[in-house]
Amino acid sequence: MANQSRREFMKVGLGGLGMLSLGGATPLFVPKFAHADQAAGTAIANDNVLVVVQLSGGNDGLNTVIPVGNDDYKKSRPKIALSDGLHKVSDEFALNPGMGAFKAMYDEGMLAIVNGCGYPQQNRSHFESMAIWQSADPSLNDTKGWLGHYLDHLSRGTQSEALSAVNIGDELPQALVTEGAPIPSINNLNDFSIVLDNRTGFDKDLERQLIEEFAQSEYDNPRAAFFAKQANNAIVSADEIRRVASAYEADADYPGNLGNRLKLIARLIAGNFGTRVFYCQIGGFDTHANQIQQHENLLRNVTESIRAFYKDLGAKQLDSKVTTMVFSEFGRRVRQNDSQGTDHGAAGPMFVVGPKIKAGLHGGSLSLAKDDLDNGDVKFTTDFRRVYASMLRDWLNVDPAEVLQGDHEALKLFS
């Protein structure tokens, strides 16, 4: 590729879109494409979208879904047990005072609460536990992600040019690590642009010139021709993403933090780029000290952001195609610590949100009795992979055993 503009393109970033090498040359940045329609030999019969929200740090499940009237809860947490301003969802459980938006969605039939999610021999390390949740492999032998396995299954034998998944953030989570090229990680629409190293801003003239040159060039090396085509596709896709998503107008007031990420996801969903999976996260849940107010504020941001997300999608008649799953790498200890906070624990709740879910409480009952704990932690009653299996089988229409590399009975989370 002797042309100067194409040599310069070797230094171009398409905002975190997957990196591929062209022989010994400087890497090209091109996206990982996967299909959004049915292909021969692949059982994909819908265009449903899964949004995954990660609560990083280890969310305190007992102060999220509160076991109201439980004496063991009150005795174990004399200074941080919650009793005022709760949002009751049953005689046994209530939501944190900051979760009014989720209570409204629960009443509207859009929220499923799965209590006691975890896995055998809980690992209380942030890094290792997150790796377990993201790979769906408690043995920690799998370096790929559970969604990465799904995306590999989705793209097998297809030629479509839809972006199969997008991560909103700086660093790709293990959950989206695939056998193929990396999934794009972006923070805003400017990440879908062509910017030369020695310039600032989007270079429209360079984009047009590159498209023309890639289209007209001949390549002796089949690999070079393939990567040139992918690079051209990346440029065209990036331009389409910017054009369509930039024209988007929100029909809801999003809060900051997580709300900004979900607003960007709503823009991309409305653009109809064929993306099946979106991933984002919000931090701050490692509440070792002075937990009550900071935890309530975090939960308020999460739940109000998700409610705004569905209000926005609903106004555009897109909400019925989107399900959101919320998880954290572990719960917290049953007993509070000396700093009016909680330390790393085991099982915790997961949430599944959307118009198509079977609303209500799911999972087994929780015991907080001292002699019925897992080394001071709530025992898990639902293997988290059963929730994943439900997302795969009943929402994304794929055999969970092919993705999770084992049989995990799906929960009945969809109506």
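Trainee: Are Trp133 and Phe327 buried or exposed?
Mentor: Both Trp133 and Phe327 are buried. Keep in mind that this is a predicted model.

Trainee: What makes Trp133 count as buried?
Mentor: Its relative accessibility is 3%. The cut-off for buried is under 20%. Trp133 therefore counts as buried.

Trainee: Why is the pair of Trp133 and Phe327 called stacked?
Mentor: The ring centres are 5.4 Å apart, and a pair needs centres within 6.5 Å. The planes are at 15 degrees, and stacked means under 30 degrees. So the pair is stacked.

Trainee: Which parts of the chain does that pair link?
Mentor: Distant ones: Trp133 is in helix α4 and Phe327 in strand β13, 194 residues apart.

Trainee: How do you know that Trp133 and Phe384 are stacked?
Mentor: Use the same test. The distance is 4.3 Å centre to centre, with 25 degrees between the planes. The limits are within 6.5 Å and under 30 degrees, and the pair is stacked. This pair also links distant parts of the chain: Phe384 lies in helix α10, 251 residues from Trp133.

Trainee: Why is Phe384 called buried?
Mentor: Its relative accessibility is 0%. Buried is under 20%, so Phe384 counts as buried.

Trainee: Which residues form the aromatic cluster?
Mentor: Tyr119, Trp133, Trp146, Phe327, Phe384 and Tyr388 form one cluster.

Trainee: Trp146 is also in helix α5. Why is α5 described as largely enclosed by the rest of the structure?
Mentor: Of its 10 residues, 10 are buried, so α5 is largely enclosed. Among them are Trp146, His149 and Asp152.

Key. Residues numbered from 1 in each chain as written. Predicted model: local features only at pLDDT ≥ 70, side-chain atom pairs only at ≥ 80, totals over all residues. Heavy atoms only, no water. Phe/Tyr/Trp six-rings, centres within 6.5 Å; stacked < 30°, edge-to-face > 60°. Helix = DSSP H or I, 4+ residues; strand = E, 2+ residues; numbered from the N terminus. Buried < 20%, exposed > 50% of the residue type's maximum accessible area, 1.4 Å probe, protein only.
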